[in-house]
Amino acid sequence: MHVDKLIFRGNGASVARIVPYAALHYMAYEQYRRWIIQTFPDIGRGPVLDLVAGSFAGGTAVLFTYPLDLVRTKLAYQVVGSPKLNVKGLVNSEQVYRGIVDCFSKTYKEAGIRGLYRGVAPSLYGIFPYAGLKFYFYEEMKSRVPQEHKNDLVVKLVCGSIAGLMGQTFTYPLDVVRRQMQVQRLLSSNSGDLKGTMESLVKIVHSQGWRQLFSGLSINYLKVVPSVAIGFTVYDVMKSFLRVPSRDDSDEATVEVVTNKRNTNQPSSLHS
């Protein structure tokens, strides 16, 4: 097997996951934001609203796409033993899964639905603050940009980059726990099963040291930071291209509809 094939193992599952994940994430974010305003019309429109809506949107997207994330991780971690491949640090082992469908099938046969959602708890614990902080920092920084520069692509990219950087830094340890729980059966060096999230955190720190919770963070920045920056920028550009009403106009319209409904439902104080 060639090294380039090894590098891209699991990429198919990653691509299959990111499309519905991104669509659900942004769609759910807008919907949750609208629901919150409809339910609490007097709530502020600041970044805290984006923090709450983004958190719930992230959790929704994870729940619907988690099995694909599990498959992606398993395919990426398994190593095929081959006499032609001699890379230091890799352990030769038998190929466990032949592809996305095979990985789904074997995982489901081994543990059912619970097997497909193994490690989902730390994913949810991580995605709630990560997604929320991501939207929070992005909208907070955009609100501080002068009006004449709000539509600049470079400004959007910078705001998205910082948002991704901050969100990833705060939640990365939970991502480490999630991946170790997902692949523990593939790692021959494991010294026992990782069960609960907090138990897993303590076990990793005790057996591997606290630095392990941030292992790979720097290289993860190279993926997450530009990904989040591009995602937010494309999201804003597409809203403008599709002529979606501005956020302020949409919020005012939502509040006006809610207010009109309240006034209509209130009993008249005049007696005939």
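At what angle do helix H3 (residues 47–77) and helix H4 (residues 100–116) pack, and how far apart are their axes? In this predicted model, the angle between H3 and H4 is about 120°, and the axes are 10 Å apart. Angles from 65 to 115 degrees count as roughly perpendicular and those over 145 as roughly antiparallel; H3 and H4 are therefore oblique to each other. The crossing in which H3 passes H4 is right-handed. On the H3 side, the contact is made by Tyr66, Pro67, Leu68, Leu70, Val71, Lys74 and Leu75. H4 contributes Ile100, Cys103, Phe104, Thr107, Gly115 and Leu116. Divided by class, the residues of the contact of H3 with H4 comprise ten nonpolar, two polar and one charged.

A further helix pair is formed by H5 (residues 120–143) and H8, whose axes come within 12 Å and cross at roughly 60°. Angles under 35 degrees count as roughly parallel, and the roughly perpendicular range begins at 65; H5 and H8 are therefore oblique to each other. H5 passes H8 in a crossing that is right-handed. The residues of H5 that make the contact are Tyr130, Lys134, Phe135, Tyr138 and Lys142. Those of H8 are Val224, Val228, Phe232 and Asp236. This contact of H5 with H8 has six nonpolar and three charged residues, and no polar ones.

Helix H8 spans residues 217–241 and includes threonine 233. The relative accessibility of threonine 233 is 7%, and the residue therefore counts as buried, the cut-off for that class being under 20%. When residues up to four places away in sequence are not counted, threonine 233 touches Leu153, Lys156 and Leu157.

Helix H6 covers residues 153–183, with isoleucine 162 among them. Isoleucine 162 has a relative accessibility of 35% and therefore counts as partly exposed, since this class lies between the limits of 20% for buried and 50% for exposed. In sequence, isoleucine 162 is 67 residues apart from alanine 229. In space, the C-alpha to C-alpha distance between isoleucine 162 and alanine 229 is 8.0 Å.

Notes
Residues are numbered from 1 along each chain as its sequence is written. This is a predicted model: local features need pLDDT of at least 70, side-chain atom pairs count only at pLDDT 80 or more; totals for chains, interfaces and linings use all residues. Side-chain values use heavy atoms; hydrogens and water are left out. Helices (H or I, at least four residues) and strands (E, at least two) are DSSP runs, numbered from the N terminus. Buried means under 20% relative accessible area, exposed over 50%, partly exposed in between (1.4 Å probe, protein chains only). Contact means heavy atoms within 4.5 Å. Axes are lines fitted to C-alpha atoms, for helices over the stretch in contact, and angles run from 0 to 180 degrees between N-to-C directions. A crossing is left-handed if the near helix is turned anticlockwise from the far one by less than a right angle, and right-handed if clockwise. Ala, Val, Leu, Ile, Met, Phe, Trp, Tyr, Cys and Pro count as nonpolar, Asp, Glu, Lys and Arg as charged, and the others, Gly among them, as polar.
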